[in-house]
Amino acid sequence: MEIKGFIETSLIDWDGRLAAVLFLPGCNFRCPMCHNHQLVQHPEEVPTVDWGTVEAALARHRGWIDGVVVTGGEPTIHAELATLLRWIKQLGLAVKLDTNGALPDVLGHLIGDRLVDYVAMDIKAPLDERYARAAGAKADLGAIRRSIALLMASGVGYEFRTTVLPLYMRKADVGSIGREIKGAGLWALQQYLPGHADAETARRLWPYRDEILLAMREEGAAFVERCVVRGIETVAEGGAA
Ligand code: SF4
């Protein structure tokens with residue numbers, strides 16, 4: 001499996017942890033707001049990272065990084081993902097997996113084999129006809145719901161995260177997603193940054209004002225233990241009583 005990006009140390013990709021980050025190519029979605037569209041649609045144009053570089057850096061940083069974030073693209077489309085994660089775990093490093101949740105069977109095997117310590121799963125829109133538009137592809141809502149249920153019952157650390165794109169999510173929709181993940185530990189509402197979006201239409205969209213995201217967080221906090229807003233200046237956090 002080719003590695004298409006590597007950050008040796010990052011403080012922003014796994015809350016509270018210092019981690020390396022590996023980027024894998026390709027994805028089964030085509031989200032208009034995707035910031036990694038070249039990696040998703042034209043991975044052959046992205047230079048492959050020399051495996052020796054990854055090995056040497058992880059060996060060098062062992063003992064002071066906490067783990068490795070495996071992201072993409074969509075890591076779960078790769079048949080060799082389990083082998084990669086097993087190798088990372090054998091180095092004594094924890095694994096965070098970023099996923100769109102479209103392949104619950106793969107996710108289930110990774111959890112069952114104890115190859116992930118933390119999973120961040122996207123919830124792209126309310127689970128109705130808008131989901132396929134937000135994903136830019138046919139979206140199996142049953143599969144998304146199975147991944148949600150799997151994570152909530154898994155015992156591994158997890159979060160759900162929603163990039164709040166005005167086109168697909170209004171304030172009135174917070175409850176719709178909230179009910180799908182009711183009782184979850186953490187739901188992160190992420191500010192939409194149009195600058196690097198894939199689709200022209202998405203690049204032309206204005207993000208919501210911070211106050212609207214904060215109001216959404218207030219509503220979201222009724223459904224989960226912690227609801228946070230990321231990507232705005234104000235620290236925004238709250239949860240169900
Ligand atoms: S699921 Fe993620 S990587 Fe795939 S197209 Fe959507 S935003 Fe990009």
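A: Helices (H or I, at least four residues) and strands (E, at least two) are DSSP runs, numbered from the N terminus. The model is predicted, and local features therefore need pLDDT of at least 70, side-chain atom pairs count only at pLDDT 80 or more, and totals for chains, interfaces and linings use all residues. Residues are numbered from 1 along each chain as its sequence is written.

Q: What makes α2 lie largely in the open?
A: A residue is buried if 20 or more other C-beta atoms, placed from the backbone, lie within 10 Å of its own, exposed if 12 or fewer, and partly exposed in between. Among the eleven residues of α2 the number buried is zero, so the helix lies largely in the open.

Q: Why does Glu44 count as exposed?
A: Glu44 has 10 C-beta neighbours inside 10 Å, and therefore counts as exposed. This residue is placed in the loop between α1 (37-41) and α2 (51-61). Its C-alpha atom is separated by 29 Å from that of His61, 17 residues apart along the chain.

Q: Why does Glu80 count as exposed?
A: The count for Glu80 is 10 C-beta neighbours inside 10 Å, which is why Glu80 is called exposed. Glu80 belongs to the loop between β3 and α3. Although Glu80 and Met1 are 79 residues apart in sequence, their C-alpha atoms are 6.4 Å apart in space.

Q: How do you know whether Leu115 is buried or exposed?
A: Leu115 has 21 other C-beta atoms within 10 Å, so it is buried. Its place is in the loop between α4 and β5. Leaving aside neighbours within four places in sequence, Leu115 is in contact (C-beta atoms, placed from the backbone, within 7 Å) with Ala82, Leu85, Arg86, Lys89, Val95 and Leu110. From Leu115 to Ala94, 21 residues apart in sequence, the C-alpha distance is 8.6 Å.

Q: What makes Arg114 partly exposed?
A: With 13 C-beta neighbours inside 10 Å, Arg114 falls into the partly exposed class. Arg114 is found in the loop between α4 and β5 (118-122). Its phi is near 55°, a positive value in a residue other than glycine.

Q: How are the axes of α4 and α6 arranged?
A: The axes (lines fitted to C-alpha atoms over the stretch in contact, with angles from 0 to 180 degrees between N-to-C directions) of α4 (residues 104-112) and α6 (residues 141-154) come within 9 Å and cross at roughly 15°. That makes α4 roughly parallel to α6, as angles under 35 degrees count as roughly parallel, over 145 as roughly antiparallel, 65 to 115 as roughly perpendicular and the rest as oblique.

Q: Which residues of α4 and α6 meet?
A: From α4, Pro104, Leu107, Gly108 and Ile111 meet Ala143, Arg146, Ser147, Leu150 and Ser154 of α6. These contact residues divide into five nonpolar, three polar and one charged; Ala, Val, Leu, Ile, Met, Phe, Trp, Tyr, Cys and Pro count as nonpolar, Asp, Glu, Lys and Arg as charged, and the others, Gly among them, as polar.

Q: Which residues are around the ligand?
A: Cys27, Phe29, Arg30, Cys31, Cys34, Asn36, Val40, Gly72, Gly73, Glu74 and Asn100 are around the ligand, each with its C-beta atom, placed from the backbone, within 6 Å of it. This shell divides into five nonpolar, four polar and two charged residues.

Q: What kind of peptide bond joins Gly72 and Gly73?
A: The bond is cis, with omega about 10°. Gly73 lies in the loop between β3 (67-71) and α3 (81-90).

Conventions
Contact = placed C-beta atoms within 7 Å.
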